[in-house]
Amino acid sequence: MLNFELKNPTKIIFGKGEIAKISKEIIHNAKILMIFGGGSIKNNGVYDQVKDALKDHDLLEFGGVPANPEYEVLLEALHIIKENNITYLLAVGGGSVIDGVKFLSAAASYDGEPWEILKKPVRTLEGEGMPFGTILTLPATGSEMNSGYVISRRETKEKLSSGGPGLFPLFSVLDPEVVRSIPKKQIANGIADAYTHVLEQYMTAPSSADLQERIAESILISLQETAPKVMTEEFDYDAAGNFMWCCTMALNGLIQKGVITDWAVHAMGHELTAYFGIDHARTLAVIAPSHYRYNFETKKEKLAQYAERVWNITEGSTEEKAEMAIKKLEDFFHSLEIKTKLSDYTNDFQNTAERVEKAFIERNWVGLGENKNLTPQDAYKILEMSY
Ligand code: NZQ
Ligand code: ZN
């Protein structure tokens, strides 16, 4: 097991009706800016619950953060924060809103062009970011219990990530009731995103970190079992709760400790969102199978372990099991009605491999993957396989 440090200061408040508790989590003299997305919270009652809980607090609001949070929109929010001497941010939404708030938390005290925080990137250290809490409305990213974020800039077709230990939410409310109003397409995205988060931290090489491996496999199995229950029309509170907690646990830092991690699928996937606007989770479903096929030799033992322990495939050689593993992964995405080829999403895919290779060269992104040896040329080949 590799050396590691673990500190996750986010308080989780889980369960039905728990949004009401936020009044006790936020200090009374705080000047709060509540930030939300395109309006789903006004239709499902979450907005009213927040307003009610904070009726005795000083509260301003900013709505309209789009999916794949947009830099230009966030600059408008930053202006409001500075004009009104805001001291506390409250994210009410999915990963996009939470990520947007993390960026604002970092940008509020940053001298200089805020885009530098993403471009360089600049890490936000403990005590540096503006304090914030979150109310999660869409299980998927794990942003509610981690310190990373991803921001898009449509003008330049960039989607870049940053973070740092100063950007953990102080608290996050996880009320599974919010799942009731989520469209099935977004639920499928949430499952696929969380599932791939586990794979990014697991599908490398067998390790001696037995507990992390078993926890990762448990999250994968739980997501597989929960998926059909949350994809049916009838709302199932316990299934929603399991789905929500799996998503949080998939990316709160725990399973990555003491092991090597990959994250190349996300790096390539972000480019597809930047070029074509494809939903984040769907970009991962396009890249992951090709990435695992391209890196078959280095990953085959772990793929075989995944086949055995997660899908109960016990027959065949290591190679045969590993091949079945990739097939099972594709089948799982398809069971969520998520397509796994780039050409399923755009007709304009022909020069994507060149674009990704060029972008990675320009950003000097060499050494992707768990062995830090994937080059922009490797990314080219993986992208070409995903057409
Ligand atoms: O904007 P509103 O009206 O709220 O609608 C949203 C949005 O259209 C809707 N929605 C959210 N909660 C709902 C709901 N609709 C009905 N009922 C509810 N309860 O869902 C749509 C998608 O929301 P969004 O926040 O964009 O989705 P998600 O949570 O999947 O976040 C995606 C973003 O997170 C980034 C992605 O790159 C992408 O930009 N990620 C962040 C990570 C992190 N911080 O750790 C890691 C991830 O890998 C990912 O990269
Ligand atoms: Zn993701």
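## Residues with positive phi

Lys157 is partly exposed, with a relative accessible area of 40%. This value belongs to a predicted model. The residue sits in the loop between β6 and β7 (158-163).

Asn85 provides another case: phi is positive, at about 50°, although Asn85 is not a glycine. The loop that holds Asn85 runs between α4 (71-83) and β4 (88-93). With a relative accessible area of 56%, Asn85 is exposed, because the exposed class begins over 50%.

## A cis peptide bond

The backbone also contains a cis peptide bond, from Lys120 to Pro121, with omega near -15°. Pro121 is placed in the loop between α6 (116-119) and β5 (132-136).

## The surroundings of ligand 1

Ligand 1 is surrounded by 33 residues, and the closest are Gly38, Ser40, Ser96, Asp99 and Lys159. Sorted by class, this shell holds 10 nonpolar, 20 polar and three charged residues. Domain 1 (11-178) and domain 2 (184-385) each give the shell at least three residues.

Several polar atoms of the protein lie beside oxygen atoms of the ligand. In the side chain of His197, an N or O atom is 2.7 Å from an oxygen atom of ligand 1. A polar backbone atom of Gly39 lies 3.0 Å from an oxygen atom of the ligand. For Asn68, a polar side-chain atom is 3.2 Å from a ligand oxygen atom. Taken alone, ligand 1 exposes 970 Å², and the protein buries 87% of that area. Two or more residues of the shell come from each of the elements α5 (95-107), β6 (148-153), α7 (184-202) and α10 (264-276).

Which loop holds Asp262? Asp262 lies in the loop between α9 (237-250) and α10. A polar atom of the Asp262 side chain is 2.9 Å from the backbone nitrogen of Ala264. Asp262 has a relative accessible area of 6% and is therefore buried.

Pro289 belongs to helix α11 (residues 280-294). It counts as buried, at 2% relative accessibility. Pro289 and Val265 are separated by 24 residues in sequence, while their C-alpha atoms are 9.4 Å apart in space.

Helix α8 (residues 210-231) contains Glu217. Although its side chain is that of a glutamate, Glu217 is buried, with a relative accessible area of 3%. From Glu217 to Asp344 the separation is 127 residues in sequence and 29 Å in space, C-alpha to C-alpha.

## Cysteines without disulfides

How many disulfides does a search of the whole structure find? The search finds zero. Cys246 is in no disulfide, and the nearest cysteine sulfur, that of Cys247, is 6.8 Å away. Likewise, Cys247 is in no disulfide, its nearest cysteine sulfur being that of Cys246, 6.8 Å away.

How values were computed
Residues numbered from 1 in each chain as written. Chains lettered and ligands numbered in written order. Predicted model: local features only at pLDDT ≥ 70, side-chain atom pairs only at ≥ 80, totals over all residues. Heavy atoms only, no water. Disulfide = S-S within 2.5 Å. Near = heavy atom within 4 Å. Polar contact = N/O pair within 3.5 Å; in protein donor to acceptor, adjacent residues only side chain to side chain. Areas by Shrake-Rupley, 256 points an atom, 1.4 Å probe, with all protein chains shown as cover. Helix = DSSP H or I, 4+ residues; strand = E, 2+ residues; numbered from the N terminus. Nonpolar A, V, L, I, M, F, W, Y, C, P; charged D, E, K, R; others polar. Domains from an automatic or database assignment. Buried < 20%, exposed > 50% of the residue type's maximum accessible area, 1.4 Å probe, protein only.
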